[in-house]
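Biologist: I would like to learn how to read a structure feature by feature. Could we take one feature at a time, with the general idea before the case?

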Amino acid sequence: MSTGRTADLWWKNAIVYCLDVETFLDSNGDGIGDFNGLTERVDYLAGLGVTCLWLMPFFPSPNRDDGYDVTDFYGVDERLGSLGDFVVFMRAAKDRGLRVIVDMVVNHTSDRHPWFRSARSSRKSPYRDYYVWRDEPAEQPDAEPVFPDAENSIWSYDERAGQYYLHHFYAHQPDLNFVNPAVREEIAKIAGYWLELGVDGFRVDAVPFLIEMGGTGVTEMDLDPHAMLRDLKAFMTRRRGDALLLGEVNLPHKDLKTFFGGSRGDEIQLLFDFPLMQAMYLALARRDARPLRTSFKRMPDVTDEGQWARFVRNHDELTLDKLTDAQRQEVFDAFGPDGSMQLYGRGLRRRLPPMFDGDEARIRLAYSLLFTLPGTPTLFYGEEIGMGENLDIDGRVSVRTPMQWTDGRNAGFSTARPSRLRRPLVEGRFGPLAVNVAAAERDSDSLLNWMERAIRRRRETPEFGWGEWSLLDTDHNAVFAHRCEWEGRTVLAVHNLSDGPLEVEVDVGGGDGASVQDLLDADGSVQSLERGMLQLTLEGYGHRWLRLQGEDQRPTP
Ligand code: GLC
Ligand code: CA
């Protein structure tokens, strides 16, 4: 029975909302967001209609990589509250029917983690093999560091240890040695711990690096790295049947299928679709749907449990690393021409509304794609109101400014003196005076209210999450049209990527439908088809969500 399955594989029809506790709401006026603040805003999140919160790292950390450098996997950073406050938040979230997943950052630890302190102090330390060491740096390192502005090698010499250690990210983030069974035990223990506290799963950081074995001396002949992921998944499933892994795997489409667990589908259920996201930006920059069509066709099928996670922006740079140099330059020219907006030569450190110069129709177009492309939509906090970035903040952190609640002091985020804020606010056109929750809630035409309607409709339309997808032919290169079919029901979405209005003919691709009903417009208009062809008039950047209707189908509310 469909409804049963929809609820069971819950991530296939979820709306994920990513936030960082320290920039959401500060409850005690010290300038830093905290769990008590977040708990106060659980009703806001439930009202928005999202179904699953993803918490960025909140563990004790020296904060040299915004919490992605952990010193204790079993605790809460005391600046954000206590473990007790975490549990109070969890209870409030569950009460409103929200699921919660948390970041699992186990590719590396902070160099101040007690494991690394012990490991570097002696070759006899029980933790020495928790990390990856060698006497000489590799002459031709097999990989580049992920942050090329800060590091020039993935091997750094440690004086105390008298050896080089591996770090794919910053030198202060030594990589854990995943081939060591003791490390895998620890990771399972961490997963088990947070599951015990009620979380519904994990966003797994940097998965390809986690299972990378270069430098460990163990080869893939001896140990299958995917078997290690399978074991972790199996462990979690034993503990809790519906636990979710959401994987950060930025690889080309052809390499992604194995991370779902191939045809067995027994590894990661949700994978971020980085390649299609990048193709979408190229298509938006060109106002031409073809790059998106090409990527859509390459997208591998998912298994029963698998699903793509969609996103427009996340907390990192908007990476464009899978585009060619010329394509990337086109996106830079369109959405971030200034050098200060670019990062690592591969990405943009901006949010979407400033990239689109505040053009609300175009912003809605991008989010309409997010909600209708096959998969699970993932939002980054502040996207629902159209927040911008602050380019005065270094590097990737420019998009991680405090949430904008009101146009009052510190955007309603904190009562602290402005100089004590964890991070400066956005200024100017996308800052709190112009963009904030309080104003958006009162304005029925706001982006926030559009998002709420779109989210509600998306949840009522599980076909976009579950369905078999296919591309539809149209007579316009600027138009992207696709359909999703599930259990005898079919929905279509049509997007005009160009800025001008146009008439388009869409081949709805068969089926017994005689007409389509609009799922988003105010009166739910119904339009009949001519021999399986649909004639539509679309505004510049216009979009339509439609349900194919047969004679015998129940109408959509
Ligand atoms: C992931 C995170 C990023 C972090 C890095 C190292 O890429 O998204 O924010 O810096 O891993 O943990
Ligand atoms: Ca605080």
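Biologist: What volume does the largest pocket have?

Modeller: First, a reminder that this is a predicted model. Rolling a probe the size of a water molecule over the atoms shows where empty space is left. Here, the volume of the largest pocket is about 780 Å³.

Biologist: Which residues of the lining lie nearest the centre of the largest pocket?

Modeller: They are V146, F169, P208, F209 and N250, out of 35 residues that line the largest pocket. Two elements, α7 (207-210) and α8 (225-239), each give two or more residues to this lining. By residue type, the lining divides into 15 nonpolar, seven polar and 13 charged.

Biologist: Which atoms coordinate the calcium ion (ligand 2)?

Modeller: For a metal, look at the donor atoms around it, then at where their residues sit along the chain. The calcium ion (ligand 2) has D26 (OD), N28 (OD1), D30 (OD), I32 (O) and D34 (OD) as its donors, at 2.2 to 2.4 Å. Along the chain these donors follow the spacing D-x1-N-x1-D-x1-I-x1-D.

Biologist: Is D34 buried or exposed?

Modeller: Buried means under 20% relative accessible area. D34 has 4%, so D34 is buried. D30 has 21%, so D30 is partly exposed.

Biologist: How many aromatic pairs does a search of the whole structure find?

Modeller: The search finds 42 aromatic pairs. To read one, take the distance between ring centres and the angle between planes. F35 and F58 are 5.3 Å apart, centre to centre, with 85° between the planes, and the pair is edge-to-face. F35 belongs to helix α2 (residues 35-40), while F58 is in the loop between β2 (52-55) and α4 (83-95), 23 residues apart. Both F35 and F58 are buried.

Biologist: What does a stacked pair look like here, with W115 and Y127?

Modeller: W115 and Y127 have 15° between their planes and 6.4 Å centre to centre. The pair ties together parts 12 residues apart in sequence, because W115 lies in helix α5 (residues 114-121) and Y127 in the loop between α5 and β4 (133-134). W115 has 9% relative accessibility and so counts as buried, whereas Y127, at 26%, counts as partly exposed.

Biologist: Which residues form one aromatic cluster with F35 and F58?

Modeller: F59, Y74, F86, F89, Y193 and W194 form that cluster together with F35 and F58.

Biologist: Where does the charged end of R41 sit?

Modeller: The charged end of R41 is over the ring of W405, 4.5 Å from the ring's centre. Likewise, K12 lies over the face of W466, at 5.0 Å from the ring centre.

Technical notes: Residues numbered from 1 in each chain as written. Chains lettered and ligands numbered in written order. Predicted model: local features only at pLDDT ≥ 70, side-chain atom pairs only at ≥ 80, totals over all residues. Heavy atoms only, no water. Phe/Tyr/Trp six-rings, centres within 6.5 Å; stacked < 30°, edge-to-face > 60°. Helix = DSSP H or I, 4+ residues; strand = E, 2+ residues; numbered from the N terminus. Buried < 20%, exposed > 50% of the residue type's maximum accessible area, 1.4 Å probe, protein only. Lys NZ or Arg CZ within 6 Å of the ring centre and 35° of its normal. 1 Å grid on protein atoms, 1.4 Å probe; cavity = no way out; pocket = protein on both sides within 12 Å on 5 of 7 lines; lining within 4 Å. Points joined across faces, edges and corners; volume = space filled by probe spheres on them. Nonpolar A, V, L, I, M, F, W, Y, C, P; charged D, E, K, R; others polar. Donors = N, O, S within 2.8 Å, 3.2 Å for Na, K, Ca; no water.
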